[in-house]
Amino acid sequence: MTSPVFELLLFHVDSVPLTIRLAEAGVDGVIVDWESSGKQARQAGWDTQIALPDPEALSQLKLACACPLLCRIDHQPQTLHRQVEAALTGGGEEILLPMIRAPAEVEFFLGLVNGRCRASILVETQAA
């Protein structure tokens, strides 16, 4: 039996210099969070961070951070292709698709990524 692995992942908020300093301190990866659609309603009353897509921050972090960069994109059919391409162009090494509900959504997402980086899904709904 192998030992469990614990990874410390940092969510980038809005300060690229701070994220770089924290990444240099030894985190195992940085998540750049572009998921914003519907989050305000889902997380009403909670003290959570809701960020907007920031491809420039992803590109800056790619140049400065040695740790893996993950990018959580929005789960909106009209923007999915554009966000996958922006995450890849910016240097995302893994793309996270949140709020999946059906196998067809996963298949479509995997087709867009097409093996160009790691692709992960976040199972966060009862339908999933």
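User: Why is Met99 called buried?

Analyst: In this predicted model, Met99 has a relative accessibility of 10%. The term buried applies under 20%, so Met99 counts as buried. Met99 lies in the loop between β4 and α5.

User: Why is Asn114 called exposed?

Analyst: Asn114 has 58% relative accessibility. Exposed means over 50%, and therefore Asn114 counts as exposed. Asn114 also has a positive phi, near 50 degrees, in a residue other than glycine. The place of Asn114 is the loop between α5 and β5 (118-121).

User: Which residues of α4 are buried, and what covers them?

Analyst: The buried residues of α4 are Thr79, Leu80, Gln83, Val84, Ala87, Leu88 and Gly90. Their cover includes α3, β3, β4 and α5.

User: How do you know that β3 pairs with β2 and with β4?

Analyst: The criterion for pairing is at least two bridges between the strands. β2 and β3 are linked by four bridges in the parallel sense, and β3 and β4, which run parallel, by three. At the level of residues, Val32 stands opposite Cys71 in β3, while Leu70 has Glu94 in β4 as its bridge partner.

User: Which way do the residues of β3 point, and are they buried or exposed?

Analyst: Leu69 and Cys71 point one way from β3, whereas Leu70 and Arg72 point the other way. All of these residues are buried.

User: What makes β1 and β5 the edge strands of the sheet?

Analyst: Five strands form an open sheet in the order β1-β2-β3-β4-β5, with parallel pairing. β1 (9-12) and β5 each pair on one side only, and they are the edge strands. Neighbouring strands of the sheet are turned by 25 degrees against each other on average, with direction ignored. Four bridges join β1 to β2, and Leu9 stands opposite Gly29 in β2. α3 packs on the sheet, where it touches β1, β2 and β3, and its direction makes about 165 degrees with that of β3.

User: What makes the largest nonpolar core a core, and which members touch the most others?

Analyst: A set qualifies if its buried nonpolar residues are joined through side-chain atoms within 4.5 Å. The largest such set has 28 residues, of which Val30, Leu61, Ile73, Val84 and Ile95 touch the most other members. Elements giving two or more residues to this core include α1 (16-24), β2 (29-33), α3 (55-64) and α5 (103-113). In soluble globular proteins, nonpolar side chains tend to be buried together.

User: Which residues are in contact with Ile73, leaving aside its neighbours within four places in sequence?

Analyst: Among them are Trp34, Leu80, Val84, Ile95, Leu97 and Phe109.

User: How far apart are the C-alpha atoms of Leu122 and Arg72, and what is Leu122 in contact with?

Analyst: Leu122 lies in the segment after β5. The two C-alpha atoms are separated by 9.4 Å, although the residues are 50 apart along the chain. Contact is assigned for heavy atoms within 4.5 Å, and beyond its sequence neighbours the contacts of Leu122 include Arg72, Leu96, Pro98 and Met99.

User: What describes the protein chain as a whole?

Analyst: The chain comes to five helices and five strands, in the pattern β-α-β-α-α-β-α-β-α-β along the sequence. Of its 128 residues, 41% count as buried. Among contacts between residues at least 6 apart in sequence, 57% join residues at least 24 apart.

Notes: Residues are numbered from 1 along each chain as its sequence is written. This is a predicted model: local features need pLDDT of at least 70, side-chain atom pairs count only at pLDDT 80 or more; totals for chains, interfaces and linings use all residues. Side-chain values use heavy atoms; hydrogens and water are left out. Buried means under 20% relative accessible area, exposed over 50%, partly exposed in between (1.4 Å probe, protein chains only). Axes are lines fitted to C-alpha atoms, for helices over the stretch in contact, and angles run from 0 to 180 degrees between N-to-C directions.
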